[in-house]
Amino acid sequence: MKETMIAAFLPGDSTVEMRTVPVPVPGHGEVLLRMKASTICGSDIRCIYHEHLGKGPEGYQGVIAGHEPCGQIVAAGEGCRRFKTGDRVIVYHISGCGVCNDCRRGYMISCTSEKYRRAYGWQRDGGMAEYMVAEEKDLIALPDELTYADGAQVACGFGTVYEGLEKIGINGNCAVLITGLGPVGLATGALCRKLGAQQIIGIDVVPERMKIAIDLGLCDAVMASGPDNVAEVKRLTGGCGVERAVDCSANPAARATAIRATRKWGKIVFLGEGGTVEFNPSPDIIHDQKTIYGSWVTSTWLMEELVERLVRWNLHPAEIITHRFPLERAGEAYALMASGKCGKVAVCQDEELA
Ligand SMILES: NC(=O)c1ccc[n+]([C@@H]2O[C@H](COP(=O)([O-])OP(=O)(O)OC[C@H]3O[C@@H](n4cnc5c(N)ncnc54)[C@H](O)[C@@H]3O)[C@@H](O)[C@H]2O)c1
Ligand SMILES: [Zn+2]
Ligand SMILES: [Zn+2]
């Protein structure tokens, strides 16, 4: 085993700094992973890359970047109970205290321990490196049928979307509107298809992203964001609007569209983070009996369920990856993701780069 490795850090001025650091040693209950795939999330760009804007759970503490890690165990520390060298694993990207109520429900994302809650790539070293240490309790087994790049998508994006879709319920009765066709919006299209949605409509502002959604068959219709979106969605849905809407944009206008283009008794889930929204409670939700949900990441148990479903559905989340870069070129990867002219962007090693 080598003693040093290269790793990517985000100084917060729209650049990536590659540093040589010691290869970490796994402690009790921890494993050392050979990183295979580590993908970039919209949150990395919004809260860290351009500027360190995040606070609390989104506060970046100068650690190795990357909160969507997937790799292979090359060493297991003392006290590991299930996982061993050679296992292929996804890292649930928030390490919680393990004993608060949220952690006990599997939602380490909302762990209430100020001292022990640390997210990979935010408050503890993440996946943009040759190796990474993770706690065994944060690992999800990656089935043989899925690639490491598939697994990296589950660590945040697909896991988040699956949770949100479970909350609103998607089935063959549903027409679905997706506002924002970044990686989270594309994942929504992919999962809605497998859950049986009959009509999927997407809205974005970036033509490249609208094209990817159509080319990959993740949306049946796409439209550029604009003031006529509600009328356009109603026209495509027999004048009624969609049964379900998922906001993956965080944009105030797009959020309002998601609410207003949803029909009576419909359900809306907000996944996009930050910002605001304005709507009129009586006409927009109350009188139409609509429900708005918020959804933050997912639980470890639902993530396990998702990987099982992905195999059953033969759905490979890596299909939404449009660009792969070697670790040394992580700077180009972040710059591309920040431009928006891409699907998912991945930093890969070994077989995932071939
Ligand atoms: N809830 C959670 O747990 C969770 C988890 C992961 C990511 N997120 C958030 O989800 C959002 C999407 O993540 P992503 O990785 O796809 O990021 P992204 O920034 O790549 O995607 C956002 C998309 O919205 C589009 N958009 C901007 N304005 C729009 C408008 N007016 N109408 C329609 N689309 C518009 C953008 O062009 C972009 O394609 C981000 O806000 C991210 O922080 C939330
Ligand atoms: Zn994320
Ligand atoms: Zn906790």
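**Figure 1. Contacts of Tyr334.** Tyr334 touches Leu10, Val16, Ile40, Asp44, Ile45, Tyr49, Ala65, Gly66 and Met128, leaving aside residues up to four places away in sequence. Contact here means heavy atoms within 4.5 Å. The model is predicted, so local features need pLDDT of at least 70 and side-chain atom pairs pLDDT 80 or more, while totals for chains, interfaces and linings use all residues. Residues are numbered from 1 along each chain as its sequence is written, chains are lettered from A and ligands numbered from 1 in the order written, and side-chain values use heavy atoms, without hydrogens or water.

**Figure 2. The nonpolar cores.** Leu191 and Tyr334 touch the most other members of the largest nonpolar core, which has 91 residues. Helix α3 supplies the largest share of this core, ten residues. Another core lies apart from it, with 14 residues, among them Leu177, Met223, Val242 and Ala261. A nonpolar core is a set of buried Ala, Val, Leu, Ile, Met, Phe, Trp, Tyr and Cys residues joined through side-chain atoms within 4.5 Å. Buried means under 20% relative accessible area, exposed over 50%, and partly exposed in between (1.4 Å probe, protein chains only). In soluble globular proteins, nonpolar side chains tend to be buried together.

**Figure 3. Helix α10 and its buried side.** Helix α10 spans residues 330–339, and its buried residues include Ala330, Ala333, Tyr334, Leu336 and Met337. These residues cover an arc of only 160° around the axis, so they sit on the same side of α10. The arc is taken over the directions from the helix axis to the C-beta atoms. Gly340 follows α10, with a positive phi near 80°. Helices (H or I, at least four residues) and strands (E, at least two) are DSSP runs, numbered from the N terminus.

**Figure 4. Val161 in helix α3.** Val161 belongs to helix α3, residues 148–168. Val161 is buried, at a relative accessible area of 0%. Beyond residues up to four places away in sequence, Val161 touches Val184, Ala187, Thr188, Leu191 and Leu271. Val161 and Leu186 are 25 residues apart in sequence, and their C-alpha atoms are 9.7 Å apart.

**Figure 5. The zinc ion (ligand 2).** Cys41 (SG), His67 (NE2) and Cys156 (SG) are the protein donors, lying 2.1 to 2.3 Å from the zinc ion. Their sequence spacing is C-x25-H-x88-C. Cys41 and His67, 26 residues apart, link distant parts of the chain. Cys41 is in the loop between β3 (30–39) and α1 (42–49), and His67 in the loop between α1 and β4 (69–76). Cys41 counts as buried at 5% relative accessibility, and His67 is buried at 2%. Donors are N, O and S atoms within 2.8 Å of the metal (3.2 Å for Na, K and Ca); water is not among the atoms, so sites may look incomplete.
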